[in-house]
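This briefing goes through the structure shown below, topic by topic. Please keep the sequence and the model at hand while reading.

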Amino acid sequence: MIQGILSYIIFLPLIAAAVVLCLPKRLESSYRIVTVVATGLTLLLTIIAVYSFDGGIAENINSEENLQLLEKSEWFSLDLGSLGSFSVDYFLAVDGISIPMLLLASIVLFIGAISSWNIRQKKKGYFALYLLLSGSVLGCFVALDFFLFYLFFEFMLLPMYFLIGIWGGPRKEYAAIKFFIYTLIGSILILIVMIGLYNSVYDPVRTGAEIGVTSIEQVQTMVQSGEVAREDIIKSFNMIYMADQANYIPGSLLSQMSGGEIIGKSARWIAFLALLIGFAIKLPSFPFHTWLPDAHVEAPTPISVVLAGILLKIGGYGLIRTAFSFFPDSAFHYSWMIGFFGVFSILYGALNALAQKDIKKLIAYSSVSHMGFVLLGLAAMTVEGISGAIYQMFSHGLITSMLFLIAGVLYDRTQDRLIENYGGLANRLPRFTIVVGIAFFASLGLPGFSGFIAELMVFLGAFKSSAVIGAIPQWMPVVATIGLILGAGYYLWTLQRMFMGKYWVKKAEWTERLKDLNSREYLMLVPLAVLVFWFGIFPDTLMSLINSSVEGFTDLLNQAIR
Amino acid sequence: MMPVDHLLILGAGLFVIGFIVVTTRKNAIAVLIGIELMLNAANINLVVFSRFDPDFLQGQVFALFVITVAAAETAVALAIVLKVYRHFKTADLDKISELRG
Amino acid sequence: MEWGTTIFYVFGAITLLSALFILFTRNILYAAFSLILTFVGVAGIFVLSGAEFIGVTQLLVYVGGILVLIVFGVMLTNRVKGQKVVSPVYQKFVGSIVGIGLFMLLMKGILEANFGAMQWMKTNEQQTSLKRFGMTLMTDYVVVFEVIGILLLVALIGAVYMAGKRKGVNDAS
Amino acid sequence: MIELQDLISPTDYDPMINWILLLLGIPLLSFISSLFIKKNAPIWSTFLLLVNTGIAIFMAFSFWYGDSVSIKGVWFTLGDTVMSYSFYLDRLALLMIALVNLISFLVHVFSMEYMKSDRNKPRYFAYLGLFTFSMLGIVLFHNLLLMFIFWELVGFTSYLLIGFWFEKKTASLAANKAFIMNRIGDAGMLTGLMILFAQFSTFDLEAVKALMIFSEIEDGNWVAHFTNNGQEVMNSLDGRWLSAAGIALFCGAVGKSAQFPLQVWLPDAMEGPTPVSALIHAATMVAAGVFLLARVFVLLDAQALEVVAIVGAITAFMAAIAALSQFDIKKVLAYSTISQLGYMVMAIGVGAYSAGLFHLVTHAFFKAGLFLCAGIIIHQLHKLHSDEIKFNEQDIRVMGGLRLKMPVTFLCFLICSLALAGLPGFSGFLSKDAILLNATAWAEIKGGGYYIVIGLAYASVILTAIYIFRLVFLVFTRGFRLESILNKPGLMDKVKEGNLILLIPAILLAVGSISIVFGANVKAENTWFMQFITNPIYLVPESYAAFSLVDLSEATIKSLHGWVAIVSISLAVGGLVISYFLYRPISKKALIFQDAPEPRGALGRISFNHWYQDVLYEKAIVKFIVIKGKALAWFDEKILDGFVNGLAKTQVVLAHIVRWFDKYIIDGFVHLTVSTSGRIGQATRSIQSGNVQTYILSAMILLILLLLWLMI
């Protein structure tokens, strides 16, 4: 157990980025080594963090005592006179919801770093930006101060924009700008809600210190009954406080008891919708997904991997951490709609994938389909559903990384990604075919792979939902099972068209270039395959971390609804 | 012990002197001297009030930093003056009027 | 009046007088030397106010460092031999008026505030120890301390870089 | 009140677990090692399977008379729900492991010769190992979730084996079709799992059954009542979900056991190697559906069972019709398999639990035997291939007269055919008779339209006899038609009987198809099988069980017994006779058979194309989905993305408009202001001296003024 391990995890890549920037051009070839070593060390630290994480602790998610590896110190505060003070904490911690995401991010970033090995142009910029991206992504998953979270969230945009826009494919500018604008719109919505929340939530500990009361409960009752003067209330960006409805200042805009209204609707509903859309863009869910295919197709392989493997998960993580935690009542109110969009995304993504000609686009749409499961699981608001959503994010991160690496392997050799230009590759690339088979079958949810466990949990939770909590109707998971069939359809069809049959490629000169996997590619793909297997057969490895936090989280939701 | 008021007045005086020097001198180095005076005046205030903050000594610490920054500032400023002198062949500020509207 | 207070006033006087000398002299070199006195006076006040460390630093940095720099600056920018290094003065009138106005204003503020009457002035005043200062500096403010160190370094390098003569740069001299 | 945790809590160590793990581990070892050792993979994996078969048979014999063994443990926890795993060894499981291992072993042996010249042998044997592993998983695990997992794995291995010759486009397409059809069924089964989990919070079958007893129907709601960790739980769902659960679970069986409407994959699956067809698509995997139905039998309510029975009967009839006019020897057998599976499913549906399972076992033997015999024929005919002789060795139009050259094969094929047709003295008769008896009794009780179901079943009996003897006559009697087709007399002499490695498995399976194996008796209920594997007790909540199989009165069965036997025997014999007159060596049909390009007549074509079901799916569903996908992709790209891009473009246009406005209107105004202020500025420019000190001074003046204003 290392003190401040989370800070090390975040800052290690950032320091490495500075190192890369300082290294002279003469040592160009060392950039990638620095990157791989830095992300590798980050992974090591994350594993230590996961190892020291006690899955049995967090019974109640909205209390700081149940967070682990906590680092909290005041970062800055501005006195704004009559507007109160503006204080931001440097607050990092993990619980069962963020620790799988942290692990996933470290793994995928490491794999992505290896995959960046043969970037040829503008190396310094690339690796520096990649490390910057790594740091901010990791920060996003451990920051528990909304301001800090938002900072990291926004900070991802910049490197991503350049990474797509400079090292991307032919339509990179278009894709990069589209990605940027889409995400920015989401960010703005989040920002608005963040400000609203800040004005509604107080810090019971500091307020208690101000008025000389130590017990948090006492402070909360005092504030709720209006005994505490307005000036003594100290506001907070702390996400843990935001998740406790007792910490909302009575009479403030977003308070559950006495919230305000915007255009005749509860402000809490509006705020929830804003957060939902903000993160649904990132997730992405229908109808906010159109940036995804373009961004994926144009981005270089490692960036596709990071984009699909981690960045999409921030959408789901953000929904759990913010939208559902802060506004459980609104979440319940909109659960039908969320579930519907989940199911719709599942089917829509799958049908779209069926019609794609470009393998990267196919994978991108399959991501839309798979992230629909996340929405469905969240909408269910049951333990199974939410665990399933988290598990799905984790497993999809691994599987989709594998898929994009596979697309990259082909693209590296032939600079072509069209399915119709290949045939019978199994004859020429047998090992590659095995890996592709594993990835495809894992992605279509074959038992024994992690994807199956995740989807199963989502289905169980979603079906149970209407009886247990009454969030979404039973037909939703039943209809969603069609997604499984369509998933099998598009993957098997692709497998059949590209790998089965007689060997044939569009251009004769490709044959020479189509060599089976090299050792670097094995290094990326085999660990992923092993992990996908492992988490499919021994779900408890992950579930033991998640379980109690998710239970705490669903308790929170249940309390708020009743 | 000198009363606080007197020290503050001393600081104010020093500051005003520095200010007048800064505004009226034509030579860049004289202006620098004025700036140093003003910084010192500020330091006096900081140190004086620091007496009443024995636990944290924020004033003293800040004074220390002011001194350091002043040193840095002087170094850079003199470098600029030298450069300017080489370029315009004068250190007189009223002759260097690139900013004239 | 105690000895300590007396010395206090002496230093105050030195400071103020030498500063006034700077104000009135036109010779930059004289002004620079007078500045030494001012700094020494201020350093004395620091020491007597319980900020020994700041006082010493003041002497070291200002007298030992900054002044030398200034004197060098004077010498490097005025190469006319045998002449007094004079700084022309302008805007005398306006400058003085504004200065005096400012001084009056500050005086008014200080006197009106009447610090002597404040409660915390009486209760809290204590002698501070150098040890304590050191501890504070090296614990609470250590990051700022480091940053300021780096700033200094950067400024020095920058100064050398700027002042240094380079080939191909369009310099007159 | 029943406590859930008691039902699923891990059991103490039981030495039986070692046997079970051994049983599962050996095929898995065979899978992994075959991929690595390559050269000796066939012999090595066959040896492993022999060991496994030995273990299985040993277990079956030594534990047969003991009590059922149940071993439970924790797989993972989900929230506070424990996902347990459990093994369960009862007589059915023991029988199945012995059966699966035995047939798998025989197929391994057969494959050693059959696949001799294939360079991908290691891969083939690895797949077989994986298949055996997954199949044993279904049998041994007694937990719906784990059964589902192995269920899908079986489907996956089937995909791999059908697509084993992936270079053939038809093979890869058939593999896809099989997997997707299975997936459709699995999606249904998953729904069943969801329903049961929502009610009972566990997948453990024993626990589910126990909890099912305590669930009730209250006001049309299906309420499960139990305690979990001491807390009282009352899960309630609409009553219709109870039937839905049964039908959903049955969906899984529909996919895997190739029942209507998902049966179309099985004929295509014949693209795989023939031994694979024998093992997977005749004896074991397709029977897994029936096995599953048997396992969840007690959870199905009356409506669900009715659906099961009707689907089974329809499948049996449709496939029997389709088998009548196929030209491909394997396709005939494939349709025959579907038809027989329909019987088994119908048996479960009418409540004839043990009769259905009995048929499963007998069918496994005779159908695997038929496939292996067909395999021998194909293999031996394949050897005739040379540069100038090319033909489809699976087409029965090129065969004929093989009885003379392959007498042993002929004999085996004949025995298995007789068993399939259900003639007395062969195993098929016993089980088929038992099913028909139960089904008739069922129809007697239900009356009305249910006689149609029975009618279909009886019609299938005669059809079965017709198509299988058509095959016997056309393949083994008269002359070798290939000679006349290729105009190469004397080709017949080159045909050789298969060697012993090929023959021994076939012989063993043929022997297993003789009724004496199951008891020297003509009555099914007197066989050891029916004695030991008896019908279970019905568990579904009372009010929904309109009738249950225990209600089938002994008296009805007794009174029907003789009649049913007579009718089924006479139907089978009738079929044989019809077939003889149609396809005997000198009949007209047999004479012109080699020239038939496709059956004539509407009926013939319907039969040949299997009721045009495939065409329907291809034209209606697959096309629909693909078109839908394309349409959605178009929508996504043009409309949705177009909208987004349009938004962006509008914004750019708007920006241009604003720019114009800015430039000419606002800027114009500004210019005016500027020129005005410019003049003023000219006047005041002396203030703007460019001297920093002046600026400071003026700033300070302002500051002082501000302070003064504030102070006063």
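This is a predicted model: local features need pLDDT of at least 70, side-chain atom pairs count only at pLDDT 80 or more; totals for chains, interfaces and linings use all residues.

A residue counts as buried when its relative accessible area is under 20%, as exposed when that area is over 50%, and as partly exposed in between.

**Chain pairs**
- Four pairs of chains touch, and among these the pair with the most contacts is that of chains B and C.
- Chain A and chain B do not touch, and their nearest C-alpha atoms are 17 Å apart.
- Chain A and chain C are likewise not joined by any contact, with 13 Å between their closest C-alpha atoms.

**Confidence in chain B**
- The mean pLDDT of chain B is 83, and 86% of its residues score at least 70.
- Among the elements of chain B, the highest mean pLDDT, 89, belongs to helix H2 of chain B (residues 28-50), whereas the lowest, 86, belongs to helix H3 of chain B (residues 58-88).

**Make-up of chain C**
- Chain C has seven helices and zero strands, so that the order of its elements from the N terminus reads α-α-α-α-α-α-α.
- Chain C has 173 residues, of which 34% count as buried.
- The accessible surface of chain C is about 10,300 Å², and carbon and sulfur atoms account for 72% of that surface.
- When contacts in chain C are limited to residues at least 6 apart in sequence, 56% of them join residues at least 24 apart.

**A nonpolar patch on chain D**
- A nonpolar surface patch of about 900 Å² is made by ten residues of chain D: D:Leu29, D:Ile32, D:Leu35, D:Phe36, D:Ile37, D:Ile43, D:Trp44, D:Phe47, D:Leu50 and D:Val51.
- Helix H2 (16-37) and helix H3 (41-63) of chain D each supply at least two residues of this patch.
- D:Leu35 lies in helix H2 of chain D, and with 36% relative accessibility this residue counts as partly exposed.
- D:Leu50 lies in helix H3 of chain D, and its C-alpha atom is 62 Å in space from that of D:Ile639, a residue 589 places away in sequence.

**Surroundings of D:Trp528**
- D:Trp528 is placed in helix H22 of chain D (residues 528-532), and its relative accessibility of 31% makes it partly exposed.
- Apart from neighbours within four places in sequence, D:Trp528 is in contact with D:Trp64, D:Leu95, D:Val517, D:Phe518 and D:Gly519.
- D:Pro407 is 121 residues from D:Trp528 in sequence, and the two C-alpha atoms are 32 Å apart in space.

**Surroundings of A:Thr400**
- A:Thr400 lies in helix H16 of chain A (residues 383-414), and this residue is buried because its relative accessible area is 1%, which is under the 20% cut-off.
- Leaving out residues up to four places away in sequence, A:Thr400 touches A:Ala308, A:Gly309, A:Ile363 and A:Ser367.
- The side chains of A:Thr400 and A:Ser367 are also joined by a polar contact of 3.4 Å.

Technical notes. Residues are numbered from 1 along each chain as its sequence is written. Chains are lettered from A and ligands numbered from 1 in the order in which they are written. Side-chain values use heavy atoms; hydrogens and water are left out. Contact means heavy atoms within 4.5 Å. pLDDT is the predictor's confidence in each residue, from 0 to 100. Helices (H or I, at least four residues) and strands (E, at least two) are DSSP runs, numbered from the N terminus. Patches are made of residues with over 30% relative accessible area and no salt bridge: like charges are joined within 9 Å, nonpolar side chains (Val, Leu, Ile, Met, Phe, Trp, Tyr) within 5 Å. Accessible areas come from the Shrake-Rupley method with a 1.4 Å probe; for residues, only the protein chains shown count as cover. A salt bridge is a side-chain nitrogen of Lys or Arg within 4 Å of a carboxyl oxygen of Asp or Glu. Buried means under 20% relative accessible area, exposed over 50%, partly exposed in between (1.4 Å probe, protein chains only). A polar contact is a pair of N or O atoms within 3.5 Å; within protein, one must be able to donate a hydrogen and the other to accept it, and residues adjacent in sequence count only if both atoms are side-chain atoms.
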